[in-house]
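Trainee: Please take a close look at one helix for me, and at what surrounds it. I would like one connected answer.

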Amino acid sequence: MLYGIAAATTALLLAAVLAALLRVPALRLGFVDRRQRQRRVPLSGGVAVVLTTCLVAGAGDWAGIAPLGADIAGLVVAAAAVAVLGLIADIWRLKARLLVLGTAIAAAFVVPYGDTGVWAGAAAVGWITFVALAFRALDHADGVAGTVGVVTAFGVAACAAFEVLDGLAVLLSVLAAALTGFLMHNWPPARVALGGCGSLFAGFLLASAAVTARAGYETAVGAGVLFALTAVAGADAVLVVVSRRLAGRPLLRGGPDHLAHRLRRLGITPQGATVLLGAGAFSAVLVGTLVHGGWAGAHAVWWVAGGVLAVVLGLLRVPVYGAAARARGTGAPRARAEGEGTRTRTRGGRRGVRGGSRPGSRRAPVFAPRGQSESAADLPGSGDSRNSRATSPQVSASLRVRNG
């Protein structure tokens, strides 16, 4: 117990310090995510969370104070590999199928097939992959992924402690503390972001730990508990998929259609949206933890499923596509790919690329920044600099939305 408190405190402080120290180098290297036209948010927060979790947990195992065991150590290695894959995606924009394949391969190495069986183990691989990618998509607004990750980590840690998996419980406590230290810089308006590196790492570690803690129980009830522990991330993924399919949009085309985006359209502040999603995650995780410990019946999971269904159906009615174009009365689609310059004619008749490099301009960063999100363009009153300099208070600098 004493070591767990010391490890969590160390992780919190170390993550906060690393996130602050890595911010300036990330800005200079151009390792940023352009959440709005006016500001660049470094993606170094995920690196700080991954380094902190691995270092603190590894130090406890190396010193023999809190041995992780071979299985949990392998889980940390697999999660670190997924984090590296996410870091590469942050820098070079890997294709989605490569992210899915890499995450699934890592998940295949951590599922306890001896307790789950082959078929349930294969389903667990798919579920871990889904949750990891859902957490990456959940990182669409400041503070959301970190807050939901902290709540989920404490819930899964309680399940692990109930199963006397002390090494896993300590690891999850360290992760929760590291995410808390990161939130000191990520709370709206954010100064750093998780990026694919941190969000994939957190989602993969949480999902794999939940499968490990739940292995050996009845399959149907276990699936309900796993769903409750990650209900918010799952609800966001389902909402986005259904919304894009109904609108006839490609599933991989980003847009302002996630949970926090729709809550903002209802007039809720960025901080309020984060608190609401955190409260929703806490309620669902509490139900999952109680069912896992035997303090509540399996039927309680149906309340979580009903809540998720109500939220998805209710937020589907919030308009999110093409609202800015209709508000301006132009009806013209904003058909420009992310990150591409807009060609325009100069006064001399020559063609140039807006936003491109010019002679004598500043040197390009080492890492090409991720493209501008459609979110700022599609939210009402966001204002394009080519048409107006005004920015609606509905979409302030504290929103910092990203595509998913």
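Mentor: Leu286 counts as partly exposed because its relative accessibility is 39%; that class lies between buried (under 20% relative accessible area) and exposed (over 50%), with a 1.4 Å probe and protein chains only as cover. Leu286 sits in helix H13. Helices here are DSSP runs of H or I with at least four residues, numbered from the N terminus.

This is a predicted model, where local features need pLDDT of at least 70, side-chain atom pairs count only at pLDDT 80 or more, and totals for chains, interfaces and linings use all residues. Residues are numbered from 1 along each chain as its sequence is written, and side-chain values use heavy atoms, with hydrogens and water left out.

Leu286 belongs to a nonpolar surface patch with Phe162, Tyr217, Phe282, Leu290 and Trp295. Together they have about 620 Å² of accessible area, computed by the Shrake-Rupley method with a 1.4 Å probe. Patch residues have over 30% relative accessible area and no salt bridge; nonpolar side chains (Val, Leu, Ile, Met, Phe, Trp, Tyr) are joined within 5 Å, like charges within 9 Å. Helix H13, residues 270-293, gives the most to this patch, with 3 residues.

Now take His292, also found in helix H13. His292 counts as buried because its relative accessibility is 4%. Its side chain makes a polar contact with the side chain of Glu163, at 3.0 Å. A polar contact is a pair of N or O atoms within 3.5 Å; within protein, one must be able to donate a hydrogen and the other to accept it, and residues adjacent in sequence count only if both atoms are side-chain atoms. Leaving aside neighbours within four places in sequence, His292 is in contact (heavy atoms within 4.5 Å) with Cys159, Phe162, Glu163, Ala213, Arg214, Tyr217 and Val225. Phe162 and Tyr217 are also members of the patch.

For comparison, look away from H13. Arg244 forms a salt bridge with Asp257, the closest N and O atoms being 2.7 Å apart. Arg244 lies in helix H11 (residues 231-247) and Asp257 in the loop between H11 and helix H12 (259-265), so the pair ties together parts 13 residues apart in sequence. The rule asks for a side-chain nitrogen of Lys or Arg within 4 Å of a carboxyl oxygen of Asp or Glu. By this rule the count comes to 1 salt bridge. Both Arg244 and Asp257 are buried.

Key. Helices (H or I, at least four residues) and strands (E, at least two) are DSSP runs, numbered from the N terminus.
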